[in-house]
Amino acid sequence: MLVFVLNAGSSSLKYQLINAKTAELKASGLVERIGIDGILKHEVGENKKLTFELQIPTHKEAIELVLRILTNDETKVINSIKEIQAIGHRIVHGGEFFKESTIVTNDVIEKIEQLIPLAPLHNPANIMGIKICQELMPKVPNVAVFDTAFHQTMPKENFLYAVPYADYTEHHLRKYGFHGTSHYYVSNEMVKILDKKDSKIIVCHLGNGSSVCAVRDGKSISTSMGLTPLEGLIMGTRAGDIDAGVIPYLMEKKGLTSNQILDYLNKKSGILGVSGISSDLREVIKASKDGDMRSRITIEMLCNRIKKYLCSYAGLMGGVDAICFTAGIGENSDLIREKVCHGLEFMGIELDLDRNRVRELGNREISKKDSRTKIYIIPTNEELVIAKDTYKLTKSS
């Protein structure tokens, strides 16, 4: 079954065409700067890379363009869009409505729309992607796969905030967690490696957006992100955990509105805010090596925050069998992995420095042979999770 996997952002569109039955990646790409000047980066399999720069006014034109490229003579991957048998959509926030992926209906769209206040930057774009696909391919089933669904197994004591309980029952104020498809994929891969069902795994999804998840027996029991993706680790431009008293203090001192303070914490803070150089950790690491003090402090802050969650979740689960690093930083930065693991030998976490520095494809162990806790790099594959869920839900329809 060919599944078109779509991740629609406010001004971008990520996509993959996957044979969900065999996991073969047919094509993938990213459309950026929709509504501005438009750039489409398209890859056929893992070899052929193409870049197009042209006017792309709306998401509808973007999706139409992608479908043309998939079927065009020069860039053909399939003969016709009729070969696409299902469409899987990444939806950031499913609230408490959705504990698993679901086939899209009008009722599903209405519920996702109700959750817009919890994800105002993401859910509107996700809904738009669904509606455009329904218009362009009306006979093809759509499936919604939620970032929050994997974390619906968290016990109440781990997802509640210590505010009046009525704010949970009346306003759904609670920790939801995100990156669920990534945490599911990576922890599931680790369970296979351990060959142990009663496992205790901590997944560190470290990228421009980052989160840590405690997974016991294959189920999420706690995660660092909260009501929104702002809580938890220090990220590219997000502050992560912060004293709530900082918000009214800064609003008064800087004369900020509620929207402005959210913009400050979401887009001007984190790695960018502390370093003053970039939200790209690679540039900050380079500056640190050149002697920049703020960059060095940024790296230490980042690693200390990750380490704090690792220790916390090991205590919550009564131990840890494996720690997994994934996503852009987690998979590629040997420095961050080394700094995070340093000093945790008392917990049985022993990193092999030589193995940690080797760059290889696929799942790989980087712990010492006699380390009680296994340490692995496991490249995430959220799109494959979406494709497989879509296949499972639509194969009999």
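How accessible is Lys374, and is this residue buried, partly exposed or exposed? At 26% relative accessibility, Lys374 counts as partly exposed; buried means under 20% relative accessible area, exposed over 50% and partly exposed in between, with a 1.4 Å probe and protein chains only.

This is a predicted model, in which local features need pLDDT of at least 70 and side-chain atom pairs count only at pLDDT 80 or more, while totals for chains, interfaces and linings use all residues. Residues are numbered from 1 along each chain as its sequence is written, and side-chain values use heavy atoms, with hydrogens and water left out.

**View 1. Lys374 and Glu365 meet in a salt bridge.** The N to O distance is 3.5 Å. A salt bridge here is a side-chain nitrogen of Lys or Arg within 4 Å of a carboxyl oxygen of Asp or Glu. The whole structure has 19 salt bridges.

**View 2. Lys196 pairs with Asp321 in a salt bridge.** Their N and O atoms are 3.1 Å apart. Lys196 lies in the loop between α6 (180–194) and β9 (200–205) and Asp321 in the loop between α11 and β12 (322–326), so the pair ties together parts that are 125 residues apart in sequence. Helices (H or I, at least four residues) and strands (E, at least two) are DSSP runs, numbered from the N terminus. Lys196 is partly exposed, at 33% relative accessible area, whereas Asp321 is buried, at 18%.

**View 3. Lys339 forms a salt bridge with Glu300.** The closest N and O atoms are 2.7 Å apart. This pair links distant parts of the chain, with Lys339 in helix α13 and Glu300 in helix α11, 39 residues apart. Lys339 is partly exposed at 27% relative accessibility, and Glu300 is partly exposed with a relative accessible area of 27%.

**View 4. Asp352 is buried yet has no salt bridge.** The nearest side chain of opposite charge, Arg355, is 4.7 Å away; Lys and Arg count as positive and Asp and Glu as negative, with His and the chain ends not counted. Asp352 is found in the loop between α13 (334–341) and α14 (353–357).

**View 5. Met235 is buried, with a relative accessible area of 0%.** This residue lies in the loop between β11 (219–223) and α7 (246–254). Leaving out residues up to four places away in sequence, Met235 touches residues including Asn208, Met225, Leu230 and Ile271, where contact means heavy atoms within 4.5 Å. Met235 and Ser269 are 34 residues apart in sequence and 8.3 Å apart in space, C-alpha to C-alpha.
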